[in-house]
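Here is a short note to read beside the structure. Please keep the model open and find each residue as it comes up.

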Amino acid sequence: MTKGSAVPRNAQGKEKSADAAMLQRRSSARLAAVQALYQIEFGGGKPEEVIDEFVNHRLGSEIDGDRYADADADFFRALVRGGAGRQEELDALLKGSLSRDREPSRLDGILRALLRAAAFELLARKDVPARVILAEYIDIAHAFYTGPEPKLVNGVLDNLARHLRPQEV
C-alpha cells in the first residue's frame, strides 16, 4: 500500500481497468442501439425480436470475419426499448432542437436512430452525465459520416441538453 492510501496500488489499477472496460461496453451498447433502432424502423422488426437477435447473435460475436465488440447488454436493452417505445416523444423533443426547415422524419435513417437513442439517454438516464452522452454520440456520428452530420448531431444534442439538463451544461 502507498502511504495514506486505503487501497493497494495494484487494486487501484484493477479498479481503473474495470471502469475502462465498463465504459467501453457502454460505448459499444450505444453503437449497437443505433444499429438496432435503424433495423427496427427499416427492417420492420419488433423491438424485442431485434434486441434478442443482437444480444444472442451479435454482441461480442464474430460474423463473417468481423468481430462485434462486447457490449453492456442491459444498457443496450434500455436504450433500444426507450428509443423505440418513446419514439413520438423523442421526435417531438428533436423537432424542437432542429432548425425550422428540418423534421426528424426527413433525416437520414441512421441519423434519426442516433438522435433518438441520444435523446432518450438524455431524457431518461440521469445516471450518465450529459457531456458523456454528447461526446459518445458525436463519436458515433463520426463513425457513420464524414460530412456535416457530426456537427448537426453536436448542435441538436447541445440544444437538447440545455433544455433537458440545464444544470449540467
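**Notes on the predicted model**

1. Start with Ser28. Its relative accessibility is 10%, so Ser28 counts as buried, the cut-off being under 20%. Ser28 is found in helix H1. Beyond its neighbours within four places in sequence, Ser28 is in contact with Ala69, Asp70 and Ala71. Please keep in mind that this is a predicted model.

2. Where does Ala69 lie? Ala69 is in the loop between strand S2 (66-67) and helix H3 (73-85). With its neighbours within four places in sequence set aside, Ala69 is in contact with Ser28, Leu59 and Gly60. Ala69 has a relative accessible area of 43% and is partly exposed, whereas Ser28 is buried. For a sense of distance, Ala69 and Gly96 are 27 residues apart in sequence, and their C-alpha atoms are 34 Å apart in space.

3. Now the overall layout. The protein has seven helices and two strands. Read from the N terminus, the order of elements is α-α-β-β-α-α-α-α-α. Its C-alpha atoms fill a box of roughly 60 × 45 × 30 Å, taken along the principal axes. The protein has 169 residues, and 42% of them count as buried. Among contacts between residues at least 6 apart in sequence, 67% join residues at least 24 apart.

4. Next, the surface and the charges. The accessible surface of the protein comes to about 9600 Å², and 48% of this belongs to carbon and sulfur atoms. How many positive and negative side chains does the protein have? There are 25 positive and 26 negative side chains, and the centres of the two sets lie 6 Å apart.

5. Leaving aside its neighbours within four places in sequence, Leu122 is in contact with Ala130, Ile133, Leu134, Leu157, Leu160, Ala161, Leu164 and Arg165.

6. Ala161 is a partner of Leu122 and lies in helix H7. Is Ala161 buried or exposed? Its relative accessible area is 0%, so Ala161 is buried. Not counting residues up to four places away in sequence, Ala161 touches Leu122, Ala130, Leu134, Pro166 and Val169. Ala161 and Ala130 are 31 residues apart in sequence, yet their C-alpha atoms are 6.5 Å apart in space.

7. Ala130 also turns up among the contacts of Glu168. Glu168 lies in the segment after H7 and touches Pro129 and Ala130, residues up to four places away in sequence not being counted. Glu168 is partly exposed, with a relative accessible area of 35%. By contrast with the pair in the previous point, the C-alpha atoms of Glu168 and Arg102 are separated by 27 Å, and these residues are 66 apart along the chain.

8. Another buried serine is Ser97, which has a relative accessible area of 11%. Ser97 lies in helix H4. Not counting residues up to four places away in sequence, Ser97 touches Val156, Asn159 and Leu160. Leu160 is also one of the contacts of Leu122.

9. Last, the aromatic rings. The count comes to two aromatic pairs. In the pair Tyr38 and Phe42, the ring centres are 4.7 Å apart and the planes are at 35°, so the pair is tilted. Tyr38 and Phe42 both lie in helix H1, four residues apart, which is about one turn of the helix. Tyr38 is partly exposed, at 33% relative accessible area. Phe42 is partly exposed as well, at 46%.

Technical notes
Residues are numbered from 1 along each chain as its sequence is written. This is a predicted model: local features need pLDDT of at least 70, side-chain atom pairs count only at pLDDT 80 or more; totals for chains, interfaces and linings use all residues. Side-chain values use heavy atoms; hydrogens and water are left out. Buried means under 20% relative accessible area, exposed over 50%, partly exposed in between (1.4 Å probe, protein chains only). Contact means heavy atoms within 4.5 Å. Accessible areas come from the Shrake-Rupley method with a 1.4 Å probe; for residues, only the protein chains shown count as cover. Lys and Arg count as positive and Asp and Glu as negative; His and the chain ends are not counted. The place of a charge is taken as NZ of Lys, CZ of Arg, CG of Asp or CD of Glu. Rings of Phe, Tyr and Trp (its six-membered ring) pair if their centres lie within 6.5 Å; planes under 30 degrees apart count as stacked, over 60 as edge-to-face and the rest as tilted.
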